[in-house]
Amino acid sequence: MIVKKNNQFAVECQVKMSAECPQTGEYCDSEEEAKEWVEDEFWIFSGEGYICLKCNEQILKNISKIKPLINS
């Protein structure tokens, strides 16, 4: 999602689950520049929005804690 503040645009983190989540990317002059900024910073596009690296790291940590339901 794009947020607008003082005629500038930033991409908002979709999940905001990490305590270190920046909440939004850098504010830019256009929506396109804001999207380019998060892509340049390697935020992950989920198909619905962007996930910052800190939240992606938290998601991966949570997944690693899930115990398999079936023993191999």
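Predicted model: local features only at pLDDT ≥ 70, side-chain atom pairs only at ≥ 80, totals over all residues.

Biologist: What's the secondary structure of the protein chain?
Modeller: Two helices and four strands. The pattern along the sequence is β-β-α-β-β-α. Helices (H or I, at least four residues) and strands (E, at least two) are DSSP runs, numbered from the N terminus.

Biologist: What radius of gyration does the protein chain have?
Modeller: The chain has 15 Å, while a compact globule of 72 residues would have one near 11 Å. The radius is taken over C-alpha atoms, and the globule rule is 2.2 Å times the number of residues to the power 0.38. The C-alpha trace spans about 55 × 20 × 15 Å along its principal axes.

Biologist: How much of the chain is buried?
Modeller: Buried residues make up 25% of the 72. Buried means under 20% relative accessible area, exposed over 50%, partly exposed in between (1.4 Å probe, protein chains only).

Biologist: Which residues form the largest nonpolar core?
Modeller: The core has twelve residues, including Phe 9, Val 11, Trp 43, Tyr 50 and Ile 51. Cysteines in it include Cys 13, Cys 21 and Cys 55. Strand 2, helix 1 and strand 4 (50–51) each supply at least two residues of this core. A nonpolar core is a set of buried Ala, Val, Leu, Ile, Met, Phe, Trp, Tyr and Cys residues joined through side-chain atoms within 4.5 Å. In soluble globular proteins, nonpolar side chains tend to be buried together.

Biologist: What is Val 11 in contact with?
Modeller: Leaving aside neighbours within four places in sequence, its partners include Met 1, Ile 2, Ala 34, Val 38, Trp 43 and Tyr 50. Contact means heavy atoms within 4.5 Å.

Biologist: Switching to charges. How many salt bridges?
Modeller: Three. A salt bridge is a side-chain nitrogen of Lys or Arg within 4 Å of a carboxyl oxygen of Asp or Glu.

Biologist: Which parts of the chain does the Lys 54 and Glu 20 pair link?
Modeller: Their side chains meet at 3.3 Å, N to O. The pair links distant parts of the chain, 34 residues apart: Lys 54 is in helix 2 (residues 53–64) and Glu 20 is in the loop between strand 2 and helix 1. Lys 54 is partly exposed at 36%, and Glu 20 is exposed at 54%.

Biologist: And how far apart in helix 2 are Lys 61 and Glu 57?
Modeller: About one helical turn, because they are four residues apart in that helix. Their salt bridge is 3.5 Å, N to O.

Biologist: Where does Lys 16 come in?
Modeller: Lys 16 forms a salt bridge with Glu 12, with the closest N and O atoms 2.9 Å apart. Glu 12 is buried at 18%, whereas Lys 16 is partly exposed at 33%.

Biologist: Last one. Is Ser 18 buried or exposed?
Modeller: Buried, because its relative accessibility is 11%. Ser 18 is found in the loop between strand 2 (8–11) and helix 1 (31–40). Its side chain reaches the backbone nitrogen of Glu 20 at 3.0 Å. Beyond neighbours within four places in sequence, Ser 18 is in contact with Lys 54, Cys 55 and Gln 58.

Methods. Residues numbered from 1 in each chain as written. Heavy atoms only, no water. Polar contact = N/O pair within 3.5 Å; in protein donor to acceptor, adjacent residues only side chain to side chain.
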